[in-house]
Amino acid sequence: LSLPWSNSYAFATPTVKYKYAAWNLDDQAINRDNSPSRGVTSASVDSGLIFERDLDLFGSSLRQTLEPRLFYLYNDYADQSDIPLFDSSALTFSFNQLFRDDRFSGKDRVGDANQLTLAVSTRIYDDSGQERLRASLGQIQHFSDRRVTLFNATTDAERDASSALAGELSVDLGANW
């Protein structure tokens with residue numbers, strides 16, 4: 001359930017989800033549940049502002065934006081250690097990963113989270129509206145250790161209070177490049 005709101009200079013998208021999965025397994029080990037299930041409540045708010053100004057650079061009329069962005073994510077903790085790993089894996093950390101609602105791919109694990117992503121982007125557009133440059137930088141601040149793991153062992157990264165810095169840079173050098 002999501003309620004997106006935006007205008008020309010700001011956006012906010014609050015979202016609430018319930019992620020449920022159940023398995024019907026054959027040939028489980030003794031004392032293992034043949035039909036494990038889990039449900040996780042997830043809530044997030046993605047918000048940002050867009051500031052822009054005219055820019056004259058090397059005789060060209062350009063427009064530059066400055067776009068601060070906040071993304072808060074909360075996923076409940078659910079013990080998932082009794083669920084086998086079929087298709088889940090840790091996602092590669094990148095700038096886009098800062099704004100995902102789970103740190104795992106697949107359905108076997110839903111990562112617990114209580115975190116805030118702080119990011120900023122700047123873009124430069126030419127007079128025709130073509131984006132010529134985009135640069136972004138961000139970091140996740142964790143308010144609690146992550147307890148859901150893939151292999152039932154917590155790593156140092158899951159105990160760190162903040163993620164590594166992540167960034168992206170895109171440059172359009174012209175039609176021939």
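I began with F71, which is buried, with a relative accessible area of 5% (buried means under 20% relative accessible area, exposed over 50%, and partly exposed in between, using a 1.4 Å probe and protein chains only). I noted that this is a predicted model, in which local features need pLDDT of at least 70 and side-chain atom pairs count only at pLDDT 80 or more, while totals for chains, interfaces and linings use all residues. Residues are numbered from 1 along each chain as its sequence is written, and side-chain values use heavy atoms, with hydrogens and water left out.

**Entry on confidence**

I looked up pLDDT, the predictor's confidence in each residue, from 0 to 100, and found a chain mean of 92, with 97% of the residues reaching 70 or more. Confidence is lowest in strand 6, at a mean of 90, and highest in strand 1 (residues 5-6), at 98; strands (E, at least two residues) and helices (H or I, at least four) are DSSP runs numbered from the N terminus.

**Entry on aromatic rings**

Next I looked for ring pairs, where rings of Phe, Tyr and Trp (its six-membered ring) pair if their centres lie within 6.5 Å, and planes under 30 degrees apart count as stacked, over 60 as edge-to-face and the rest as tilted. By this rule I have two aromatic pairs. F71 and F99 make an edge-to-face pair, 6.2 Å from centre to centre with 70° between the planes. This pair links distant parts of the chain, since F71 lies in strand 5 (residues 60-75) and F99, 28 residues away, in the loop between strand 6 (89-90) and strand 7 (104-105). F95 and F99 are also edge-to-face, at 5.5 Å centre to centre and 70° between the planes. F99 is buried at 14% relative accessible area, and F95 is buried at 8%. F71, F95 and F99 form one aromatic cluster.

I also found the charged end of R69 over the ring of F99, 3.6 Å from its centre (a charge sits over a ring if NZ of Lys or CZ of Arg is within 6 Å of the ring centre and within 35 degrees of the ring normal).

**Entry on the core**

The core has nine residues in all, among them F71, F95, F99, L73 and I140. Strand 5 and strand 8 (113-125) each supply at least two residues of this core.

**Entry on salt bridges**

Searching the whole structure gave 12 salt bridges, each a side-chain nitrogen of Lys or Arg within 4 Å of a carboxyl oxygen of Asp or Glu. In one of them, R103 pairs with D112, the closest N and O atoms being 3.4 Å apart, and D112 is buried at 5% relative accessibility. In another, D126 and R132 bring their closest N and O atoms to 2.8 Å; D126 is buried at 15%, whereas R132 is partly exposed at 28%.

**Entry on L169**

Last, I looked up L169, which lies in strand 10 (residues 166-171) and counts as exposed at 62% relative accessibility. Leaving aside neighbours within four places in sequence, L169 is in contact (heavy atoms within 4.5 Å) with R134 and A135.

Terms used: A nonpolar core is a set of buried Ala, Val, Leu, Ile, Met, Phe, Trp, Tyr and Cys residues joined through side-chain atoms within 4.5 Å.
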